[in-house]
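Hi there,

Here is the structure I promised to pass on to you. Have a look at it first, and then read my notes below.

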Amino acid sequence: MTRTDPAYGLIANGVIAIDGNMISWVGPASEMPERFSNWHRLSLGGRLVTPALIDCHTHLVFGGNRAMEFEMRLNGASYEEVARAGGGIVSTVSATRAASLDDLVLGALPRLDALIAEGVTVVEIKSGYGLDREVELNMLRAARRLSELRPVSVKTTFLGAHAVPAEFKGRGDDYINDICIPALRAAHAEELVDAVDGFCENIAFTPAQIERVFQVAEELGLPVKLHAEQLSHQGGTALAAKYGALSVDHVEYATEDDARAMATAGSVAVILPGAFYTIRETQAPPIEHFRMHGVPMALATDCNPGSSPLTSLLLTMNMACTLFRMTPAEALAGITRNAADALGLTDRGQIATGMCADLAVWDVQTPAELAYRIGFNPLFTRIYEGKQ
Ligand code: DI6
Ligand code: FE
């Protein structure tokens, strides 16, 4: 870069000193301390270096896919016909229940590889398509396994309160008591859970039902986050804020009061333009309220087979800018610094002394190009924990 831009904190002719997996120093070459002068040097040819990307909200592990119902709908099938043909979230639950641990891992790998190819080093992965104890655990085991197969960090989130399975139809309370909470305890005992999430919506769970899950999370010392106000305003944001949620996600129907509550609680707003786009939602999240009240905004793919079959954070940036008028600088912070916050990670998402050396190097002239292009990947190289 040839100039310093306050919106990005760019450093022209910069040097990043990496010792092991950690950043020991960053600054302009002209100010580099003498002690680094005999270190091994890698020239990046004037390319742009950013923190590596973080996808802080995904449902990357699932069985099957929903291309058939996508096509059925576009050929004029009604919701009922799609449901009768076994479509919708229940089809993913059936396919996930039918999958072995290996099937789940192998199915998720190409999606994970697509993210990694764009410079991602941290991915959050949720359960929520098992909706029974053993399959919820299997999804989380698959998520953990992925981090052993690829140079990537995986943060796991228990989302047992994602949908009421067919066998509990009309008995959401029983599902929470008999399946969701025992599954959460079992998953925690197996050290499979980094955070606890829920889907607070009229088609899923009420704030009161989610609160019972959050109480158990609190008892277990696990942080919470919530899918809230995605399709309607249910009051999930206020509940999440009350429990000091790391993040509140989707938030299309959040109000200014919700934004205030999030600011007070320190919760990140996770904006998911892929789902907004796929379901052709028209209510945009209240970006201006988040800005005004200082709520940090993250962006994520929400990769899932139903409402967001998306595996590109660069396209997610473009969508956030075009659909929600976020700035390219906000979009970049949304997939780096604020995404780290949404996961409670204090050592990722920034290029600074003491941070983990997770970096992305790009063949672009300006950072805005990352958000501006559609369907183009200018990644030059990715550095994960100090290793190229
Ligand atoms: N919000 C969504 O948009 C997805 N889950 C959620 O909590 C939908 C998931 C699916 O249709 O498979
Ligand atoms: Fe989601």
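**What I found**

Helix H7 (residues 207–220) lies across strand E6 (153–161), strand E7 (195–200) and strand E8 (225–228), and runs at about 175 degrees to E7. Some terms before we go on: helices (H or I, at least four residues) and strands (E, at least two) are DSSP runs, numbered from the N terminus. Axes are lines fitted to C-alpha atoms, for helices over the stretch in contact, and angles run from 0 to 180 degrees between N-to-C directions. Contact means heavy atoms within 4.5 Å.

This is a predicted model, in which local features need pLDDT of at least 70 and side-chain atom pairs count only at pLDDT 80 or more, while totals for chains, interfaces and linings use all residues. Residues are numbered from 1 along each chain as its sequence is written, chains are lettered from A and ligands numbered from 1 in the order in which they are written, and side-chain values use heavy atoms, with hydrogens and water left out.

Strands E6, E7 and E8 belong to an open sheet of eight strands with parallel pairing, in the order E4-E5-E6-E7-E8-E9-E10-E11. Two strands pair if DSSP finds at least two bridges between them. E4 and E11 are the edge strands, each pairing on one side only, and the twist averages 25 degrees from one strand to the next.

You can follow two of the pairings in detail. E4 and strand E5 (residues 120–126) pair in the parallel sense over three bridges, and isoleucine 54 stands opposite valine 122 in E5. E9 and E10 are also joined in the parallel sense over three bridges; there, the bridge partner of valine 248 is alanine 269 in E10. From strand E10 (residues 268–271), Val268 and Val270 point one way, while Ala269 and Ile271 point the other way, and all are buried. Here, buried means under 20% relative accessible area, exposed over 50%, and partly exposed in between (1.4 Å probe, protein chains only).

Another open sheet has three strands in the order E3-E12-E13, with antiparallel pairing. Its edge strands are E3 (48–51) and E13 (379–383), and its twist averages 20 degrees from one strand to the next. Strand E12 (residues 359–362) and E13 pair over four bridges, and valine 361 stands opposite threonine 381 in E13.

**The iron site**

Which residues hold the protein donors of the iron ion (ligand 2)? They are His57 (NE2), His59 (NE2), His227 (NE2) and Asp302 (OD), lying 2.1 to 2.2 Å from the ion. Donors are N, O and S atoms within 2.8 Å of the metal (3.2 Å for Na, K and Ca); water is not among the atoms, so sites may look incomplete.

Along the chain, the donors follow the spacing H-x1-H-x167-H-x74-D. Histidine 59, in the loop between strand E4 (53–55) and helix H1 (67–74), and aspartate 302, in the loop between strand E11 (297–299) and helix H12 (313–324), are 243 residues apart and link distant parts of the chain. Both histidine 59 and aspartate 302 are buried.

**The nonpolar cores**

A nonpolar core is a set of buried Ala, Val, Leu, Ile, Met, Phe, Trp, Tyr and Cys residues joined through side-chain atoms within 4.5 Å. The largest one has 91 residues, of which Leu184, Val193, Ile271 and Phe290 touch the most other members. Helix H6 (residues 172–189) gives the most to this core, with nine residues. Apart from it lies another core, of 13 residues, among them Ile54, Val122, Ala298 and Ala339.

Not counting residues up to four places away in sequence, the contacts of phenylalanine 290 include Val251, Met262, Ile271 and Met297.

Most residues other than glycine have a negative phi. Histidine 250, found in strand E9 (residues 247–250), has a positive phi of about 85 degrees. Is histidine 250 buried or exposed? Histidine 250 is buried, with a relative accessible area of 1%. Glutamate 385 lies in the segment after E13, and its phi is near 50 degrees. At 24% relative accessibility, glutamate 385 counts as partly exposed.

Enjoy exploring!
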